[in-house]
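Please open the structure in a viewer and keep the selection panel at hand. The stops below are meant to be followed in order.

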Amino acid sequence: MTTVVGPRTGTTAPVPAGTPAPDRRRAHAVRPWAKPLSYVLLTALSALLLVPFAWMVSSSLKTNDQVFTVPVQWVPRELHWENFVDIWTRVPMLTYLRNTTFLATVITVLQLFTGSFAAYGFSKIRFPGRDGLFLAYIATIAVPWQAYMIPQYILMQKAGLVNTFTALILLQAFSAFGVFLMRQYYMSVPDELVEAARIDGLSEFGIYRRIMLPLSVPALASLGLLTFVNTWNDFMGPFIYLTSNDLWTVQLGLRQFVGQFDAEYAMIMTGSVLSVLPILVVFLLGQRYFIQGIATSGLKG
Amino acid sequence: MATTTAARPAPAPRRPTYVNRRQVRRNTLLGWTFILPNFAGFALLTLVPVVATFGLAFTRWNAFGTPEFTGLTNLQRLVGDENFRVALGNTVYYTVGHVPLTMAASLGLALALNRKIRGLAFFRTAAFFPYITSIVAVAVVWNMLYNPTRGPINQLLTTIGISDPPGWTSDPTWAMPAVILTGVWKDMGYYMILFLAGLQTIPPELYEAAKTDGANAWQRFRNVTLPCLRPTTFFVLIMLTIGSFKVFDLIVVMTNGGPGRSTLVLSQLIYREGIVNGQFGYSSAVALALFVLVLVITLLQYARNQRLEK
């Protein structure tokens, strides 16, 4: 495999314009039901996959005793929108949302900066020991985090950072994954371009800022979105490091709420909807970059 | 081969830049300048802890006091620790269930969606969205769906004639299958994307040729799709295996290891011993065991892949 990582356009191999697709046409003539059938199957499958979300939304608009009914009521008889008003006073939802947004934003920005900066060093500057160092980066991606979370915790404890945002920011802002993803992209930028800029007298920092950064906007978008969503959804980190309620993230708050009021099914689902909604918006806005980022991280050598 | 070389950057052709010593020094300095902001954090918070785990595993160290070297004592304790044996068994159980099911489901989805149809984006989103839904929301919803008496899953099972449906997360026998099922649902969208990307690298001419030779759909799948997908399949297998061995948050939120110890897994044991009980030494030994296990299995899979390549 070569390292062609550039932005992928389209999803299927290009077909020369005007060329009829005889095979496909024949297949349709023989099996006219094939296409409608695949639609029916795909729709049924998607519906099945989305059942948990349907349950979430439908329950969030019910009262507690309406959540579990026999048979299941997928569309509530009456919509209890007040759940979405009450939840803000029942739990400090606003604080949780603010904390989560703060953490996710800071970590994403730091990750983007340090990741792309390091990736430039790893891809466009040649120096002895570089590839060995990069190998060490990659190797740690394969080590389960749980295997070293204890020394990390001790380190944070000694530094007095347990129960602070700083701990979480430090833990997540320098991930090897970010460097890996950005390097994959930079490798696809021809060295000649960088060389030419060097000859024109641009400094390395200038090349990074004026050539590489603008070229890598899609990769930055991918990494940024993936990091933001991961941090937003992160449960382990806050679970281990954050103990005081006023620092909690949405995920921790939701978990705590479930433990405390385990019979308040409707309110729990309201909280779940609120915790998922921002991610849905972010995802729908940047879907293309998500898919590209994941495909890049998995496939290209 | 994409995936095996992923870890090893291609050897750079030696350029005249290397000839000049001053140039080398300058490049080294420049390179490190770029790498340093990330490397400082990475070294302190990932590299050092990884190395430290190996050392700590051979000490006794409680939350107070100082580490004390105890040789293999921790490892002896591991062998006799019933919690460890249970957790190891459950982790393997989860992996053996989760890896093949997720692989089959994600490959199936990718094959179903690897075509030009209207509304493709919607179907892809439907399959992918569980992956980016927070684990807490996922666990909470599924726990309700699994509700033994009034949950929709058991209502459905009763309707189709199963009079005694399983108790899912409240039943020690069924808790792990329930967690596995939820795990598959959550993860398959991610691997589907990887498979979709892999499918698109297969040259269409191969299918054309196979069709000309009279191969039916199944034969084309067996003899064109699967061999061409091998790099992707291998990468997915490795990622899935590592991911399954370190399963943690799904279990913590869904069952917290229960009922009893029926879903207790290794990373949970590390957390309990280390962070809850403050037994840093012993929990590092558990972590070391997990790490060695993952490493050995990854290497075995790698060796098998190399053999198949030939």
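Begin by selecting helix H6 of chain B, residues 135-145, a mostly covered helix in which 11 of 11 residues are buried. Helices here are DSSP runs of H or I of at least four residues, strands are runs of E of at least two, and both are numbered from the N terminus. A residue is buried if 20 or more other C-beta atoms lie within 10 Å of its own, exposed if 12 or fewer, and partly exposed in between, with C-beta atoms placed from the backbone. Among the buried residues of H6(B) are Ile135(B), Trp142(B), Asn143(B) and Leu145(B).

The model is predicted: local features need pLDDT of at least 70 and side-chain atom pairs count only at pLDDT 80 or more, while totals for chains, interfaces and linings use all residues. Residues are numbered from 1 along each chain as its sequence is written, and chains are lettered from A and ligands numbered from 1 in the order in which they are written.

Next, select the whole of chain B, which contains 13 helices and 2 strands. Its C-alpha trace spans about 65 × 60 × 35 Å along the principal axes, and 42% of its 310 residues count as buried.

Now display helix H4 (residues 82-113) and helix H10 (residues 217-245) of chain B, whose axes come within 9 Å and cross at roughly 145 degrees. Axes are lines fitted to C-alpha atoms over the stretch in contact, and angles run from 0 to 180 degrees between N-to-C directions. Show side chains where the two helices meet: H4(B) contributes residues including Tyr94(B) and His98(B), and H10(B) residues including Leu237(B) and Phe245(B). Contact requires C-beta atoms, placed from the backbone, within 7 Å.

Move on to Met192(B), which touches Ser106(B), Leu109(B), Ala110(B), Ala127(B) and Phe128(B), residues up to four places away in sequence not being counted. Met192(B), Ile193(B) and Val286(B) have the most contacts inside the largest nonpolar core, a set of 162 residues. Such a core joins buried Ala, Val, Leu, Ile, Met, Phe, Trp, Tyr and Cys residues through C-beta atoms within 7 Å. Helix H8 of chain B (residues 175-199) supplies the largest share, 17 residues.

Finally, bring chain A into view. How many residues of chain B are in contact with chain A? There are 82, and they meet 78 residues of chain A. Select helix H2 of chain B (residues 21-56), which gives the most to this side, with 20 residues.
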